[in-house]
Amino acid sequence: MRDQINQALKHALKNRETRRMGTLRLINAAIKDRDIEARGKGKEAVDDAEILQILQKMVKQREESAAVYAENDREELAAQERAEIEVIQDFLPKPLSDDEVEAAIDAAIEETGAQSLKDMGKVVGVLKAKYPGRIDFGQASKAVKAKLNG
């Protein structure tokens, strides 16, 4: 994933895409910060799963910022945040559709043999293992709860 981001940065530099360059540099800085934090704990550099988490967090932060800017009539800043989101999302896996999420939840319930709300953690654990970054787990948890409750 690092190589993919660095290649995109080189391409943006070559094509003088300033907005994209800036966002890619922010991504690299966030990854390096996490690497330094990991080394302090005696670990190696972060892996792709952690990079995925970093990118998801960056998208969430920008969505929140864009909403605040839009509320305060700062549309140019909101547009900048949305543009950064688009660049970051280029490196995230494609999210599952609602139907695919529904099917994944059904399969996870069947796989774990979940019967009640006590088994909800097992089901969500399976979903997180199989679909990292591709499901909104807040929404998925609600759907799992509804299925196991009903």
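**Reading the labels on a predicted model**

Reader: Why does T23 count as buried?

Author: In this predicted model, T23 has a relative accessibility of 1%. Buried means under 20%, so T23 falls within that class. T23 is part of helix α2.

Reader: Which residues does T23 contact, leaving aside its neighbours within four places in sequence?

Author: With those neighbours left out, T23 is in contact with E84, V87 and I88. A contact needs heavy atoms within 4.5 Å.

Reader: What other residues of α2 are buried?

Author: Besides T23, the buried residues in α2 are M21, L24, I27, N28, I31, D35 and A38. The buried residues of this helix pack against α1, α3 and α4.

Reader: How do you know that the reach of α2 is close to the expected one?

Author: Compare the two values. α2 has 23 residues and spans 33 Å from its first C-alpha to its last. The expectation at 1.5 Å a residue is 33 Å, so the reach of α2 is close to what is expected. Just after α2 comes G42, with a positive phi of about 80 degrees.

Reader: What makes the phi of R16 and D73 worth a look?

Author: Most residues other than glycine have a negative phi. R16 is not a glycine, yet its phi is positive, about 55 degrees. D73 is likewise a residue other than glycine, and its phi is near 55 degrees. R16 sits in the loop between α1 and α2, and D73 in the loop between α3 and α4.

Reader: Are R16 and D73 buried or exposed?

Author: The relative accessible area of R16 is 71%, and the relative accessibility of D73 is 72%. Exposed means over 50%, so R16 and D73 are exposed.

Reader: Why is R2 called partly exposed?

Author: R2 has a relative accessible area of 27%. R2 lies in helix α1.

Reader: What makes the pairing of R2 and D35 a polar contact?

Author: Their side chains are joined at 2.8 Å, while the cut-off for a pair of N or O atoms is 3.5 Å. D35 is also one of the residues R2 touches beyond four places in sequence, along with I31, A45, V46, D48 and I51.

Reader: Which residues of the largest nonpolar core touch the most other members?

Author: The core has 21 residues, and those touching the most other members are I5, L24, I27, I31, L55 and F91. Helices α1, α2, α3 and α4 each supply at least two residues of this core, and α3 gives the most, with six. Looking at I27 in particular, its contacts beyond four places in sequence are I5, L55, M58, I88 and F91. Another core, of 17 residues, lies apart from the largest one and includes I105, A114, V123 and A140. As a general point, nonpolar side chains tend to be buried together in soluble globular proteins.

Reader: How do you know that the charged end of K128 sits over the ring of F137?

Author: The charged end of K128 is 5.6 Å from the centre of the F137 ring. The distance limit is 6 Å, and the charge must also be within 35 degrees of the ring normal. K128 is counted as sitting over the ring of F137.

Conventions: Residues numbered from 1 in each chain as written. Predicted model: local features only at pLDDT ≥ 70, side-chain atom pairs only at ≥ 80, totals over all residues. Heavy atoms only, no water. Helix = DSSP H or I, 4+ residues; strand = E, 2+ residues; numbered from the N terminus. Buried < 20%, exposed > 50% of the residue type's maximum accessible area, 1.4 Å probe, protein only. Polar contact = N/O pair within 3.5 Å; in protein donor to acceptor, adjacent residues only side chain to side chain. Core = buried A, V, L, I, M, F, W, Y, C linked by side-chain atoms within 4.5 Å.
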